[in-house]
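Trainee: Could we go through this structure together, beginning with the charged side chains?

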2 protein chains.
Amino acid sequence: MAGGGWARAVRGLLLDVSGVLYDSGADGGVPIAGSAEAVRRIKASGLKLQLCTNETQATRADFVRKLRNLGFDVSVAEVTAPAPAACHLLRERGLRPHLLVHHDLVPEFAEIDKTNPNCVVLGDAAENFTYANLNEAFRLLIGMEKPVLISLGQGRYYKETDGLKLDVGAYMKALEYACDVQAEVVGKPAKSFFESALAELGVPAEQAIMIGDDIVSDVGGAQRCGMRALQVRTGKYRPSDENHPLVKPDAYVNNLAEAVDIILQQQQL
Amino acid sequence: MAGGGWARAVRGLLLDVSGVLYDSGADGGVPIAGSAEAVRRIKASGLKLQLCTNETQATRADFVRKLRNLGFDVSVAEVTAPAPAACHLLRERGLRPHLLVHHDLVPEFAEIDKTNPNCVVLGDAAENFTYANLNEAFRLLIGMEKPVLISLGQGRYYKETDGLKLDVGAYMKALEYACDVQAEVVGKPAKSFFESALAELGVPAEQAIMIGDDIVSDVGGAQRCGMRALQVRTGKYRPSDENHPLVKPDAYVNNLAEAVDIILQQQQL
């Protein structure tokens, strides 16, 4: 983490949320020590900030409400999440989705025409991943002349307080195989998703830093877009990440607070 | 279908069941015209016969009972199916399975030690493919030092009277992706499965013919084992199969009855 001055030209930060700001859980989760204060210091410094998350179990409004309750000074406009990005894509291409998503995410698609579906949008549907619902999504896809499957992220699994859960990517693979299609992924690590986040941040890639706990999705994805990227040693970080065969962060930091210390220090030089 | 004399040296037949003997359905299914009589003619001719099926929604005993009710003169010993083959493999390798299979298949594993599982056996579990059951199988696999996933077939989907259903292969892909493992497939088109069927038939590959409705799993799989293979134009056969880029049957026949006509005719030459 020594030297480099990599943060001197930085004008904005993209932050992953789960594992960086807080650790999630059925109980609502717990803030990571120093992260709420770090967010305040970023804002006070004049640096721009945007949260870049693959969260699909709640609307942005509910998600922000939860984060505010945990002490984070953030607003809905400061969150880039897959569902709004998917709505943008659906409108742009005249797509009418059949939704297989979490109950709490459905309101994000309130304004979208869902009659006579010509695509399937798959999110982390959790309890909605029933045999009947998966067969229904499959039948709609296989019945389309050219099946369009849009997946909100492609995570393999995640940890909750009651244990590991299969994430949306596993169900995406099931439908891809059954229908012989390739899903379009909306969310990290898709390039277009990082580009939306940068557009909302209002800072070009070379002046932005992504900070996340996922070596592939956060760090690798951001670097492919021309950003610098830091990995925090919180959340799903594991020491073996530091030997990843393909992805090397621009720096490791113990947590978000340390990242902000270093960035603000370099800004003042 | 003209000439060739490909059936002259034949001493035994492997028959796929669903789509060749009968069309399956929640109501028990209906025999395909001429197939019951064709089975009787094969037996009367002195040719050996073995059913080679990926059926995993019933024990072999129940499956044979159903076929007998539909008019087919077959016995349990004449059925090669994935579950008994999997039991053989489990015993051979000292594997103790966690089962994610159809309720009606469970008795096939009655003699197998299932305590403290060190592998997962996945079948077409149908209604047992719940979110909770999939998470449970996933957690067991990801918790193993070297995850072993055994899949009873790898079908993409099948048709029932109430519509298309995702088959075991889709759920296999989900678990493969989540755990970063490759499943071992027991069933067609695995070479070892055809070899078991041939051993039970008691005829070497070059003197056996496989007859099936699935261009890839039945025809391609059998040919890779050195057998000749015919595709029937019943069951899941589609005209586009005749343009398959990789697999070419030794002959097409309209149905099992026609296949038996030709084979018996050539035997007499």
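**Charged pairs and chain symmetry**

Mentor: A:Asp261 has a relative accessibility of 37% and therefore counts as partly exposed; buried means under 20% relative accessible area, exposed over 50%, and partly exposed in between, with a 1.4 Å probe and protein chains only. This is a predicted model, in which local features need pLDDT of at least 70 and side-chain atom pairs count only at pLDDT 80 or more, while totals for chains, interfaces and linings use all residues. Residues are numbered from 1 along each chain as its sequence is written, chains are lettered from A and ligands numbered from 1 in the order in which they are written, and side-chain values use heavy atoms, with hydrogens and water left out.

Trainee: Which residue forms a salt bridge with A:Asp261?

Mentor: The partner is A:Arg41, with the closest N and O atoms 2.6 Å apart. A salt bridge here is a side-chain nitrogen of Lys or Arg within 4 Å of a carboxyl oxygen of Asp or Glu.

Trainee: Is A:Arg41 buried, exposed or partly exposed?

Mentor: A:Arg41 is partly exposed, its relative accessible area being 27%.

Trainee: Next topic: what about A:Lys188, buried or exposed?

Mentor: A:Lys188 is buried, at 3% relative accessible area. Its side chain meets that of A:Asp218 in a salt bridge of 2.8 Å, N to O. A:Asp218 is buried as well, with 2% relative accessibility.

Trainee: What about B:Arg41 and B:Asp261: how do their side chains meet?

Mentor: They meet in a salt bridge of 2.7 Å, N to O. B:Arg41 lies in helix α1 and B:Asp261 in helix α8 of chain B, so the pair ties together parts 220 residues apart in sequence.

Trainee: How many salt bridges are there over all chains?

Mentor: The count comes to 22.

Trainee: Last one: what rotation superposes chain A on chain B?

Mentor: A rotation of 180° with 0.1 Å of shift along its axis does so, at an RMSD of 0.1 Å. This is the relation of a two-fold axis. Copies are superposed by least squares on the C-alpha atoms of residues with pLDDT of at least 70 in both.

Terms used. Helix = DSSP H or I, 4+ residues; strand = E, 2+ residues; numbered from the N terminus.
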